[in-house]
Structure formats: structure tokens, C-alpha cells
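This briefing is intended for a reader who has the sequence and the coordinates at hand. Please consult the structure shown here while reading the points that follow.

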Amino acid sequence: MSEKIKFSIDGKSCTADKGTNLVDAAKENGIYIPTLCHLEGVKPAGSCRICNVKINGRYMTACTTDVADGMVIENFIPEIQELRKIIIETLFVSGNHYCPACEKSGNCELQALGYKFQMLVPRFPFEFEEKEVDAESNKLYIDRNRCILCKRCVRNVKAKDGKSIFAIYGRGHHAKINIDHELANQMTDEEAQHAMDNCPVGSILRKERGYVDPIGRRKYDNEPIGSEIEQIESK
């Protein structure tokens, strides 16, 4: 039987199994902590930093932090919300995100967070760096202009033998997602669709898929991101 521990988020008393990371534990208690890189059941990476919270007065990423008994977490406070907005704006200006022309518009988690945090004009200058598009695979193409290096594809899209189809190449500002074309060419349509759905932005796209969902029926057209969780800020 799992050991239950008690902690608090913004003054709300919560319980969770020992060893649960804070993002999942908060969700279990009806509290939304935004993230772009985290996937439930997949080893966390702490890549996007949007899930930053204050724990006992220190900034920490919620997806890489397990809850502990008596932990005091600050999530929905002005300084944390402003930090998250800065990160979102930085992701927009460091890539080339033209939302109206993107196949994932309306289904994009970065775009949805931009709306949630009421981003209008970024405070930082756009880089407009020219980035490569890789269309060599039979079923997928990668638009690196939209990639936010969340590493979801590296951690959660595997070949049948467990080999990685995607990998990070380079370091720092020169890092980019690469794809193993031989392994990618062995993917089924369903596996290619999983790779596309796994990406939080429009960087990995299934070929011949296009604009399937009409405006008004896309994932975030009617409900904002995180709306499936009873958010503490609405109380």
C-alpha cells in the first residue's frame, strides 16, 4: 500500500502518494501547474521550466520534484506567473511561430499558454533565426522553426525495439532535434500520428495530414489549456 503524504499548495491542503512528482500530485488535487515538456508516466526532464514553483521559499521545477511531507508550495502567485509569462514570450521570440499558418494552431500547447497568460506583444526582440526543415522521412517532417526543445519526442517516441527515433544534436544555442530517417520510415500511420500528437507545438507533423480540424472544433478553441483540472485560481 502506498504511503500517503500531506503538503499544501497556495494554502490548500493536499495529499498524494509518496514519490509522486509535484505536477501530477497537484493535478490529483485539482490544481493546474502549467508545463510543456512533462508527460505523465514519462521520466521528467525539466526542459521548459514553465512549471517553476516556490517550495519552502526556493524556486524549483515541479515536474522533477517529488512531493514531501509538510512541503509548502507557492504556485499561483504574481512572481511565479510573471516568470512563466517571460518563459513563454522567450519561446515565441527564439523560434519562428506564425500561428495563423501553422497546422497545429488551435491544438498547440504553447499557443494555448500564450492565450492563458494574455501574451500580446513580447517584451523581447524576435531573433528570426533561419532554421532547417527536415522532410526526408516518408511519414514525418520536422520544422525546427517551431521546436522548443522540450525533448518529448526523444523521451516518448520509440521504435518497436526501443531505439530512439529522435535525438538532440549539438549543445546550447546550437542544439536541435534530429531524426533517424531509417527508423522513422518504418513507422506506421498510427505511430506517425502519435509522434505528431506527442509534440506540444507544430514542429513534428505527419505528412499528408494538413488542416484536419476546422476552426471552432480544435482542442483549445472552446476550453483553455488546463481546463480539465479544477484550477485553484478560479476559486
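Helices, of at least four residues, and strands, of at least two, are DSSP runs numbered from the N terminus. The model discussed here is predicted.

**Helix α2 and L91**

- Helix α2 comprises residues 78-94, and L91 lies within this helix.
- The 17 residues of α2 should span 24 Å at 1.5 Å a residue, and the distance of 24 Å between the end C-alpha atoms agrees with this.
- The buried residues of α2 are I80, Q81, R84, I87, I88, E89, L91, F92 and V93.
- An α-helix has 3.6 residues a turn, so residues three or four places apart point the same way.
- The cover over the buried residues of α2 includes the strands β3 (52-55), β4 (58-61) and β5 (72-74), together with helix α3 (109-116).
- L91 has a relative accessibility of 15% and therefore counts as buried, the cut-off being under 20%.
- Apart from neighbours within four places in sequence, L91 contacts L36, I50, H97, L110 and I148.
- Between L91 and L110 there are 8.4 Å in space, C-alpha to C-alpha, and the two are 19 residues apart in sequence.

**Nonpolar surface patch**

- Y98, F126 and F128 make a nonpolar surface patch of about 360 Å².
- F126 is located in the loop between α3 and β6 (133-134).
- With a relative accessible area of 40%, F126 is partly exposed.

- Strand β1 (residues 4-9) and strand β2 (residues 12-17) run antiparallel and are joined by 6 bridges.
- S13 in β2 is the bridge partner of S8.
- The hairpin has 2 residues between its strands, and D10 adopts a positive phi near 50 degrees.

**Open sheet β6-β7-β10**

- An open sheet is formed by 3 strands in the order β6-β7-β10, with antiparallel pairing.
- Its edge strands are β6 and β10, each of which pairs on one side only.
- Strands β7 and β10 run antiparallel and are connected by 3 bridges.
- I142 stands opposite I204, which belongs to β10.
- In a regular strand the side chains alternate between the two faces of the sheet.

**Helix α6**

- Helix α6 spans residues 189-198, and its buried residues are A192, Q193, A195, M196 and N198.
- Among the elements that cover the buried residues of α6 are β7 (140-143), α4 (152-156), β8 (166-169) and β10 (204-206).

Terms used:
Residues are numbered from 1 along each chain as its sequence is written. This is a predicted model: local features need pLDDT of at least 70, side-chain atom pairs count only at pLDDT 80 or more; totals for chains, interfaces and linings use all residues. Side-chain values use heavy atoms; hydrogens and water are left out. Buried means under 20% relative accessible area, exposed over 50%, partly exposed in between (1.4 Å probe, protein chains only). Contact means heavy atoms within 4.5 Å. The expected span of a helix is 1.5 Å times one less than its number of residues. Patches are made of residues with over 30% relative accessible area and no salt bridge: like charges are joined within 9 Å, nonpolar side chains (Val, Leu, Ile, Met, Phe, Trp, Tyr) within 5 Å. Accessible areas come from the Shrake-Rupley method with a 1.4 Å probe; for residues, only the protein chains shown count as cover. A salt bridge is a side-chain nitrogen of Lys or Arg within 4 Å of a carboxyl oxygen of Asp or Glu. Two strands pair if DSSP finds at least two bridges between them.
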